[in-house]
Amino acid sequence: MTKYNFDKPVNRRNTGSVKWDAIPEDALPFWVADMDFEAAPAIKNALAERVEHGIFGYTLVDDSYYDALISWFSRRHQWTIQREWVIYTTGVVPAISCAIKALTLPGEKVLVQTPVYNCFFSSIRNQGCEIVGNQLVRTGDTYTIDWDDFETKCADEKTTVFLLCNPHNPAGRVWTSDELARMGEICAKHRVRVVSDEIHCELVMPGVTFTPFAAVNEVNSDNSVTFNSPSKNFNIAGLQIANIICKDEEMHRRIDRVVNIYEVCDVNSFGPIALKAAYNESEDWLDELNLYIADNYKLLKEYMAEHLPKTEVIKLEGTYLVWVDISKLGLTTKEATRRLLKEGKVFVSSGTLYGEKAGEGYLRINLACTRAMLREGLQRMEKVLGGTEQMG
Ligand SMILES: Cc1ncc(COP(=O)(O)O)c(C=O)c1O
């Protein structure tokens, strides 16, 4: 028996939703990382109570906020965070920009593992830094790391930061403790700071374990800063609350200063309330959500294998963003996404957004919707791409 109903459709049109209202009205959205599920009841109740109070002045983040955060990571990921390591802010992307600003000089290089979340590119460029790609290696239906290339790029004295994505969007990997230790060792050896975006950390498939980079060993915790938020995991991205967690005092001081200079140090009245309700009261909701997403992934995989056999679905260990190889269909990614929208009325993300080279031949599909919508979307995709399969 399940407690929560993720099959319940919610009309999000005309609610100021980026996912739904920024695309044509007759199209179904499978793009931006935002879920179509109502937030957990504890979050809705806590917010309703706060609204009822009726005054929304400047917000003080109190002890109960830190307690909720620290207790969650200790319980769920065996990671002991000290309160003085934490800086709260409005979002992970602003936090990444602040960290790059704080830890680099203009003209230095920031390493990323492509294909990777597109805002990484703008965060790096906007701070006047250069993007360096350690392209992930497609190995069967998953991705691995080219370690020689990783080390060569870290050894370049102009490389000062490695921007890690764990779980990896869009490659679907949840990096193992061994992989994280090896990344950490190479970065420490070459004095490259690790900036770890762990925003998708709760969204893992059954049987997969997420390990925070900083929790692996002291080498990692002393040389890194981690970003986290309940926003993706609990579908509260619009409430804009995130945390920067950094043990090293000097890095912490420099990042805190930039967070203040960039004026992203004040959060709204609702973010901390939602974070506490999520971490203190919504664990069972999250566990059920992950099972629902796992079933959606299974549906997509089976559907594609049967109806679009020339596509290959990449193994999903974490996130709800599935990466699909369409390179054998005989059309470019740009053409595929254009036709999917125009002829099929489905909006998916083009792989090239995540790296021109590493993403060509791929689509990213957001699975965090009702099963009925996913089924409808798959049928629409088949109508467009199925034709190309026969031609190709
Ligand atoms: C890896 C990753 N980091 C950060 C974000 C966005 O973070 P925020 O909304 O807190 O700025 C996303 C959203 O898709 C993401 O996938």
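A: In this predicted model, the radius of gyration is 21 Å, which agrees with the value near 21 Å that a compact globule of 392 residues would have. Along the principal axes, the C-alpha atoms fill a box of roughly 60 × 55 × 35 Å. The secondary structure consists of 13 helices and 14 strands.

The part in question is an open sheet of five strands. Read across the sheet, the order is β1-β13-β14-β12-β11, and the pairing is mixed. At the edges are β1 (28-30) and β11 (312-313), each of which pairs on one side only. Helix α12, formed by residues 333-342, packs on this sheet, where the helix touches β13 (346-350) and β14. The direction of α12 makes about 165° with that of β13.

Within the sheet, the pairing of β12 with β14 may be examined in detail. Strand β12 covers residues 321-325 and strand β14 covers residues 362-366; the two are antiparallel and are joined over five bridges.

Some features of the backbone may be noted elsewhere in the chain. The peptide bond between threonine 114 and proline 115 is cis, with omega at about 0°. Proline 115 belongs to the loop that runs between β3 (109-112) and α5 (119-126). Another cis peptide bond leads from asparagine 166 to proline 167, and its omega is near -5°. Proline 167 is found in the loop between β7 (159-165) and α7 (177-189). Asparagine 14, in the segment before α1 (18-21), has a positive phi, near 60°, although the residue is not glycine.

The spaces in the protein complete the picture. There is one cavity of 30 Å³ or more, and the largest cavity has a volume of about 50 Å³. Its lining includes Trp79, Trp85, Ser221 and Lys247. By class, the lining of this cavity has five nonpolar residues, three polar and one charged. The second largest pocket holds about 160 Å³ of space. Among the residues that line this pocket are Tyr4, Phe6, Asp36, Pro41 and Trp285. The lining of the second largest pocket comprises seven nonpolar residues, one polar and three charged.

Note on methods: Residues are numbered from 1 along each chain as its sequence is written. This is a predicted model: local features need pLDDT of at least 70, side-chain atom pairs count only at pLDDT 80 or more; totals for chains, interfaces and linings use all residues. Side-chain values use heavy atoms; hydrogens and water are left out. On a 1 Å grid over the protein atoms alone, a cavity is a set of points where a 1.4 Å probe fits but cannot get out, and a pocket is an open set with protein on both sides within 12 Å along at least five of seven lines; lining residues have an atom within 4 Å of a point. Grid points are joined across faces, edges and corners, and a volume is the space filled by probe spheres set on the points. Ala, Val, Leu, Ile, Met, Phe, Trp, Tyr, Cys and Pro count as nonpolar, Asp, Glu, Lys and Arg as charged, and the others, Gly among them, as polar. Two strands pair if DSSP finds at least two bridges between them. Helices (H or I, at least four residues) and strands (E, at least two) are DSSP runs, numbered from the N terminus. Contact means heavy atoms within 4.5 Å. Axes are lines fitted to C-alpha atoms, for helices over the stretch in contact, and angles run from 0 to 180 degrees between N-to-C directions. The radius of gyration is taken over C-alpha atoms; the globule rule is 2.2 Å times the number of residues to the power 0.38.
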